[in-house]
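Trainee: I would like to go through this model with you. Shall we take the strands, then the rings?

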Amino acid sequence: MQLVRAAESKRREVPTARSEDAAPSATGIDVRDVSKIFALGASEQTVALKPLSLTIRKGEFFSFIGPSGCGKTTLLRIIAGLTTPTTGGVFINGTQVTGPDSRIGMVFQKSTLLPWRTVLQNLLLPVEVTKSCSMQEARSRADRLLEMMGIAAFKNRSPDELSGGMQQRAAIARALITDPEILAMDEPFSALDEFTRERLNDELMGLQKSAQKTIIFVTHNISEAVFLSDRIGVMAPRPGRLDSIIEAQGFPAVRDASLRKKQEFFREVARARDAFDRLHL
Ligand SMILES: Nc1ncnc2c1ncn2[C@@H]1O[C@H](COP(=O)(O)OP(=O)(O)OP(=O)(O)O)[C@@H](O)[C@H]1O
Ligand SMILES: [Mg+2]
């Protein structure tokens, strides 16, 4: 992975985003001068994010890693239109995000499946709300997604009857039901044991390549970020900010589980760790 300091990466990766007049990128996600300050009462405030700009390319797997409180969730929520930035804006394929955006499917850390609905009914919920396609079409998509995620046999079960890994598989299937071009995932596998997480990492990798999604992924886990990502944004706390961007180098185009045992993987994990050490936390 090649380390690019954030200031440099802004020049290299979003050369046009520096100028307010420049048109946003026609493809991909432009995050432009986005910052977030939370007011805490009359006199106190938290700078959750200092102004940040970057472009995530269409089809890219981009991860954010960083210690607790450095603004990862805040940034993801701003990109998905769930939180309004204090300054700046986010553009998807050149169009500004102004609220919850159907172009993005969200997967959260904890399963947000509704316990009183079956797995299938949970999957259908986004279509009931957005009416993005007919229910008949949604049902056949749900069947395909449940099959793909390996939980077809559980479609009529309650989420409580599923293991944690199966619940996250269902949450991913639900995020994909409206066929969004972007999947935004906030520590989706952090509550899982290592083996389950690695298996889901492998499946996610396969899914991204076959369905050609852009994935924005938040994790605390350096190995997970290295295994999955084309690029990793390293974030730092107090105040929350993007410190640097590291780029995958020397990995095969198709990554599979065998990569985890290879020298190049260990080397890249060590480089990502170096980027962390430079934060002097
Ligand atoms: N709704 C809110 N109101 C006030 N402060 C908030 C709010 N949401 C987040 N913050 C503050 O903003 C900062 C960044 O929070 P955020 O949840 O984005 O961090 P994070 O990097 O996702 O942390 P973690 O790794 O623990 O999930 C923290 O100091 C947090 O207390
Ligand atoms: Mg968070």
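Trainee: In which sense do strand S2 and strand S3 pair?

Mentor: This is a predicted model, where local features need pLDDT of at least 70, side-chain atom pairs count only at pLDDT 80 or more, and totals for chains, interfaces and linings use all residues. Residues are numbered from 1 along each chain as written, chains are lettered from A and ligands numbered from 1 in written order, and side-chain values use heavy atoms, without hydrogens and water. Strands (E, at least two residues) and helices (H or I, at least four) are DSSP runs numbered from the N terminus; two strands pair if DSSP finds at least two bridges between them. S2 (residues 29-40) and S3 (residues 44-56) share nine bridges, and the sense is antiparallel.

Trainee: In S5, which residue is the bridge partner of Ser35?

Mentor: S2 also pairs with S5 (residues 87-92), antiparallel, over five bridges. The partner of Ser35 there is Thr87.

Trainee: How many aromatic pairs are there?

Mentor: Rings of Phe, Tyr and Trp (its six-membered ring) pair if their centres lie within 6.5 Å; planes under 30 degrees apart are stacked, over 60 edge-to-face, the rest tilted. By this rule the count is five.

Trainee: Why is the pair of Phe61 and Phe217 classed as it is?

Mentor: The ring centres of Phe61 and Phe217 are 5.6 Å apart. Their planes stand at 50 degrees, so the pair is tilted.
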